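Good morning, and thank you for joining. I would ask you to look at the sequence and the structure first, and then to follow me through two parts of the model.

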Amino acid sequence: MNLDARRYVILAFILMVGIIYTSRLFYMQVVDDQWVLRAQEIAEKRWEITPPRGVLFDRTGKKIVSNRTYYNLMMVEAEIRDLDTAKFAKLIGWTREEVCERFKEIVRGEGTYYNKNTGKRTPNYQKIRAYPFMKELTLEEVARIAPHLDNFPGFYEEVTSMRSYPYANGANIVGYLSEVSQEEIDEDHFYKPGDNIGKAGLERFYEKELRGRKGIRYIVTSAMNNAIESYADGKYDTSALQGPPLKLGVDINLQAYGEKLLKGKRGCIVAIEPSTGEILALVSSPSYYPNLMIGKRNISMYYPKLILDPNTPLLPRPLASEYPPGSTFKLLNSLIALQEGVITPSFGVACNKSVVGCHNHASAGNLADAIKHSCNPYYYAVMRRIVQQNRKKSVFADAEVGLNRWVDYMKSFGLGLTLETDITGLRPGRIPDVAFYDKWYGHHRWAFSTIRSISIGQGEVTITPLQMANVAAIIANKGWYYTPHFVKSIGENGPLPQYRKKHFSKIDTKYYDVVIEGMRRVVYEPGGTGRRALLKDIVICGKTGTVQNPHGEDHSTFIAFAPMDQPKIAIAVFIENAKGGGGLWAAPTASLMIEKYLKRKVTEKEREKTIIEAVFSYMR
Amino acid sequence: MRKGDSLVAHMDWALFVTYIIMLIIGMATVYSVAYNEEHPNIFEYSEKYGKQLVWLGISLFLGLIVFLIDSDIYRKFSVPIYMFTLFLLVIVLFTPKINGASAWLGIGSMGVQPAEFAKIGTALLLARFISTVNVKQQNIQTVLIANAIILVPMVLILLQPDAGTFVVFTSFLFVMYREGITYDPLILRVINRIPGIRFKETWVGGHFIPILFVVVILSIVTLLMSNEVLEFSFLPNVKVPGFYSVVATLFIIALLFLIFLRVVSARRERGRATLVVVLGFSMAAGLSSMVNYGFQSLRQHQKDRIELFLGMKEDPNGKDYNRNRAMAAVGSGGFLGKGYREASVSSVRSNHVPESETDFIFCPFAEEWGFAGTFVLVSLYMFMLVRIIIIAERQRAVFNRVYAYTVAMILFYHFAINIGMNIGFAPVIGIPLPFFSYGGSSIMSFSVMMFILLKLDSQRRDVLQ
């Protein structure tokens, strides 16, 4: 037995372990990244600080959307000692059963984690984590609860910031916030569960601006999940930055006044400043009280009610409701006919009610009077001349050429396409084109007589009130427009670049004068359909519309701008199922809005009273 | 002692300096881990680093006393020392349990663990016993006595219970192996009953212990690696089953041995050496493959049971929870580490790795100094162990040699198990890392052990052969 050689066995054994350990350490520390990630998971936590969202001001500098501080009652199960559920329930004003149920709900709400390696399912809920036990408490509620929380270890209050709407108006403009969905989290890693995101209106469109920048603190946490120190002395931390304030073109007083006028009616008012394209007011009636849609608790309570309301308060009608424009459409057909050279301003037509019904008025001897009287047979004649220009032998092929040209003009007015307005929920409306009628009637199976209702804005044509107001603005500008938009400045910057680009209609400026004169006559000359819009010292140019529709009474509509020589406001009013024509309801409403905006006060008290007090049967 | 010789004239300076360096690194690590901003002074007695400094002072003082006493006393008094440590092991069983074990003998607020000192007593008596017998004529009686010397304290320690120290006591088996006390007589007694067989010795019986340990360790490592998948950041989409890394490591080791043996061994021995290495590698790789294959073909619940035993199972509140966090701390150190006092996972304040100042002190060290630090640490241990074996082999007295081997093997066990549980190679057994871990008993017992060795070595020339 060679015992001395055994020293080498032992030496080899020791050295082997040394080599194995060194290579293992090299692999773990230098090559393999998984432990770095695991260590971060264990000890280095990202604390996100969500800044308050950017606030919104109206055009006069009034804060219309701001932030308010709320409180959450947080719970850490591991720190709870001898909880007297009965006492605790009494403190927060719940029953014992509700408290127990809420515990279970929190655990359930966290879901479970499925480990693929072991095939085991473990709950995500952790006893050492803090969870909101009650959310969105007001200062009054928390002031009552907080002083007694010392008796209930494991519970504490936490501050959060939420939206607040100082004015009860413009809910359909600003939209609302709600908790992010899983899809939204997957799409944008800015969000984590429980964060709020703009779900509608400006809140949604300007989400990226309003949300600001999250502050991130990297901290080292202990096993009990307490922060113990900042990681790397805060080298990688970023501070939270509130989103920039948005200044809107909206005049909140005008908006509020518009909402007041439309109370008791379904309808919309859109007012635009023609020279800038800024939307002054966008009234959708009925609407809702914006403070109802703040926070999960309120939303879950009121949203179902609002969504089931037959009068659809959540629908932003001015953007999304596509109505036949009715007689207001005649203005556009006049302009197109003039541009096409198929009529002259002195073109006249006898009011022959054999083709189409009309109200009783003297026959229009010229275009301006035709607008004043809103003469249907006149516009049949005009439209026939636009559509059937005798450029082709076949009447069908000829209609196709004419309609194509007509559609081109309409598109240049922003009709039949979705405007690039800075809000969500916009609809394009419909300007029926060749393809549309071909699909409907078949190729070369239709001509003017088939599609004639579009000459008076009925039938297949639909446009949204926003587009109607924009048409009024284009006429006021005599041929151009900026895309209607809400936000005139983002922080220090002006509006988005797309709102600094002028769009031109395909109608020469000179043709607008006669149409504008016709619009003046609508209001100011005997026999005009919009006499009820008359104001004493402001010259309003307008056009009424009475829209026949299958849903009951005619809609009442009116588009206008004022003052005539230097337009400051272009407006479209649309009131659903109003008993009576455009002149009866929409025209006076528009005039009140115009006066309110230009004069800051309303002198036509009688007119105001009539409109405000009108409540239509479907709203009762 | 010869005239004119100073106390330290023949001291092995290389070992002593290594020991001191380790103490300093260990102290610095304890200071880093337990650092408290309110008491930044390292001499602050209310903090662990202040206490550890006191323990270090006591240890060095004990070392001085050891050096003043003539070395012969350890041989002469080995029986009373052994009996005294046994006595302590018995009375400690009647103390109240702390953390589930009756392991502490309190002297005021300071407690000591008799088990730590039982190692020294056992080492001395084992050395004494082996030095008195002629191992060339080992028989069943000598084998049984040697084993009894180890077994009695082992049983007492298991009663506390202290599994860690219990396992450490098996290190004495390696010393017995080196000295030729093997289980061969027992095996021969059985085998030679078979008619026609008359063996004088068996190879298996002689090398039973190292073979057993290699088999056990290789199996454990293979099992631990069998569930792992290796990925390399510079080789995307390449996934290597963990088991291959075991074979690859074995191959590299075999290659190193081959080169080493060709350099050191005589020309005529080379062929045999190559054969041994090739055979050893084949057998080890074969064993590893068998274990891996066997494990993979097990049913899930059987796997679960093995994994649970080895602490591999995902068990958030179990031992693997600690080990997983310890591994995260070690692995996140990177090449150069996070910097002194920058450990985020394993600092005492964060408390993610429990016992990070005692049993898991390797964690903060590895996290702060990275691979650069752990490489130096492992190298220091390797140097110290090799140095002790060199010292052992130059002793004239058998007593000294056996004692030196016990020191080497005890240190090796602590090193291997403690670091092994930080890198996922060993189950979590609570034993301290020598010279590093916070705690009076371990620092004192290892120091006394070291100083006895240094003293014996410095007086080796006085002993007549």
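Predicted model: local features only at pLDDT ≥ 70, side-chain atom pairs only at ≥ 80, totals over all residues.

In helix 4 of chain A, the buried residues are Val99(A), Arg102(A), Phe103(A) and Ile106(A). These residues lie on the same side of helix 4 of chain A, because the arc they cover around the axis is only 100°.

The face of helix 4 turned away from the buried side carries two exposed residues, Glu97(A) and Arg108(A).

As to length, helix 4 of chain A runs over residues 96-109, and its 14 residues should span 20 Å at 1.5 Å a residue; the end C-alpha atoms are 20 Å apart, which agrees. After the helix comes Gly111(A), with a positive phi near 70°.

I now turn to chain B, which contains 18 helices and 4 strands. Its radius of gyration is 23 Å, close to the 23 Å given by the globule rule for 465 residues, so chain B is as compact as a globular protein of that length. Along the principal axes, the C-alpha atoms of chain B fill a box of roughly 65 × 60 × 50 Å.

Of the 465 residues in chain B, 53% are buried. Chain B exposes about 21400 Å², and carbon and sulfur atoms supply 67% of that area. Finally, of the contacts in chain B between residues at least 6 apart in sequence, 69% join residues at least 24 apart.

Definitions and conventions. Residues numbered from 1 in each chain as written. Chains lettered and ligands numbered in written order. Heavy atoms only, no water. Expected span 1.5 Å × (residues − 1). Buried < 20%, exposed > 50% of the residue type's maximum accessible area, 1.4 Å probe, protein only. Arc of directions from axis to C-beta. Rg over C-alpha atoms; globule rule 2.2 N^0.38 Å. Contact = heavy atoms within 4.5 Å. Areas by Shrake-Rupley, 256 points an atom, 1.4 Å probe, with all protein chains shown as cover.
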